[in-house]
Amino acid sequence: MKKSVRAFAPATVANVSCGFDILGFAIDELGDQVEVTLRDEPGLRVVLIEGDGGRLPYEADKNTCTVAIQAMLDHHGFEGGMEISLYKGLPLGSGMGSSAASAAAALIAANTLLGDPYDKKELVNFAVEAERIACGAAHADNVAPSLLGGFVLIRDYHPLDVIKLPVPKGLYCTLLHPHLELNTSDSRSVLKKQLSLKDATIQSGNIAGLISGLYQSDFELISRSLKDVIAEPTRALLIPGFYELRIAIQRIGALGSGISGSGPTIFVLSPSRKVAEEVAIAGQEVFAQIGLEVDAFISEVNDKGAYVI
Ligand code: HSE
């Protein structure tokens with residue numbers, strides 16, 4: 001009998017405004033599934049991809065599932081083969097960590113087949129190779145929270161130092177996904193290459209404030225800290241309705257909003273489910289006014305991360 005393992009990995013919000021490339025959190029329910037099956041012949045083979053509209057590559061050196069697993073197998077020394085089936089639950093180019101969820105689910109399934117030689121933090125090292133293929137930058141702020149769940153800080157990349165942060169009770173996220181597509185590589189190309197000392201100071205203050213706010217469950221502090229002077233000023237120009245939404249959600253008591261990863265999805269943090277639901281309604285109105293369809297999704301922060309089904 002063939003040995004198979006199927007795993008789920010959640011969507012994620014990377015950056016969380018002030019944490020460009022160093023902070024992310026996981027979302028409930030939304031995500032990708034990957035089934036990995038051992039086979040006798042060596043090598044990795046993608047045998048099925050569903051839910052991508054025929055757009056993702058089957059080539060093992062281009063698919064984020066196989067690239068991540070290959071990085072793990074190269075480290076492990078495993079010489080057998082694996083077949084991979086990918087079931088996409090996440091839209092491509094949405095800013096919800098779609099490529100990361102595929103890689104994270106693939107790694108959890110393959111690692112289980114090998115008898116769990118790696119823990120989730122170690123798997124982040126392999127998952128970033130998938131991001132390198134997907135967008136040209138081996139950023140970890142989607143793959144780390146997708147694997148570990150909760151809020152995750154990437155304190156350093158060389159070597160990776162991944163730190164799980166506390167999740168305040170009662171914190172809700174509304175994701176608003178306007179029907180647009182943005183490639184992470186394109187969204188990275190619009191970023192300014194130099195940072196002024198003034199902006200570095202502002203960003204450092206806010207990331208420190210946000211992390212303190214998470215530790216102290218201080219919603220006011222979290223709200224004051226959700227500011228981004230690095231990526232948002234240029235990227236927001238690619239997302240119609242971004243600033244209109246920000247004004248609308250302030251009126252209903254949300255903590256703040258920002259671009260989810262590289263966009264176009266916008267995340268809004270709220271101090272209760274009720275406010276998060278009002279944000280979803282306000283968001284639909286804002287986007288309706290500019291003639292854009294939008295999907296709204298409400299979630300608590302998922303503290304579990306990727307798991308075997
Ligand atoms: N930190 C990455 C970026 C996340 O902003 O480009 C991409 O989802």
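Guide: What follows is a chat about domains, salt bridges, pockets and backbone geometry. This is a predicted model, in which local features need pLDDT of at least 70 and side-chain atom pairs count only at pLDDT 80 or more, while totals for chains, interfaces and linings use all residues. Residues are numbered from 1 along each chain as its sequence is written, and side-chain values use heavy atoms, with hydrogens and water left out.

Visitor: OK, how is the protein divided?
Guide: The division is into domain 1 (4-165) and domain 2 (172-300), with bounds that come from an automatic or database domain assignment. Their C-alpha centres lie 24 Å apart.

Visitor: And how many residues of domain 1 are in contact with domain 2?
Guide: Counting contact as heavy atoms within 4.5 Å, 32 residues of domain 1 are in contact with 38 residues of domain 2. The area buried between the two domains is about 2,500 Å², where buried area is the accessible area (1.4 Å probe) that two parts lose on being put together, summed over both. Carbon and sulfur atoms give 65% of that area.

Visitor: Which residues in domain 1 lose the most area to domain 2?
Guide: Those are S17, C18 and F20, which together account for 25% of what that side buries.

Visitor: How many salt bridges are there between the domains?
Guide: The count between domain 1 and domain 2 is two, taking a salt bridge as a side-chain nitrogen of Lys or Arg within 4 Å of a carboxyl oxygen of Asp or Glu. A search of the whole structure finds 15.

Visitor: What does D21 pair with?
Guide: D21 forms a salt bridge with R188, and the closest N and O atoms are 2.8 Å apart. Another salt bridge joins the side chains of R132 and E129, at 2.9 Å from N to O. These two residues are three apart in helix α3, so about one helical turn separates them; helices (H or I, at least four residues) and strands (E, at least two) are DSSP runs, numbered from the N terminus.

Visitor: Switching to pockets: what volume does the largest one have?
Guide: Its volume is about 630 Å³. On a 1 Å grid over the protein atoms alone, a pocket is an open set of points with protein on both sides within 12 Å along at least five of seven lines, whereas a cavity is a set of points where a 1.4 Å probe fits but cannot get out, and lining residues have an atom within 4 Å of a point. Grid points are joined across faces, edges and corners, and a volume is the space filled by probe spheres set on the points.

Visitor: Where does that pocket lie, and why there?
Guide: The largest pocket lies between domain 1 and domain 2, because both give residues to its lining. The lining has 11 nonpolar, 17 polar and nine charged residues, with Ala, Val, Leu, Ile, Met, Phe, Trp, Tyr, Cys and Pro counted as nonpolar, Asp, Glu, Lys and Arg as charged, and the others, Gly among them, as polar. The largest share, four residues, comes from α3.

Visitor: What is the phi of N15?
Guide: Phi of N15 is near 80°, a positive value in a residue other than glycine, and N15 is placed in the loop between β1 (4-14) and β2 (23-39).
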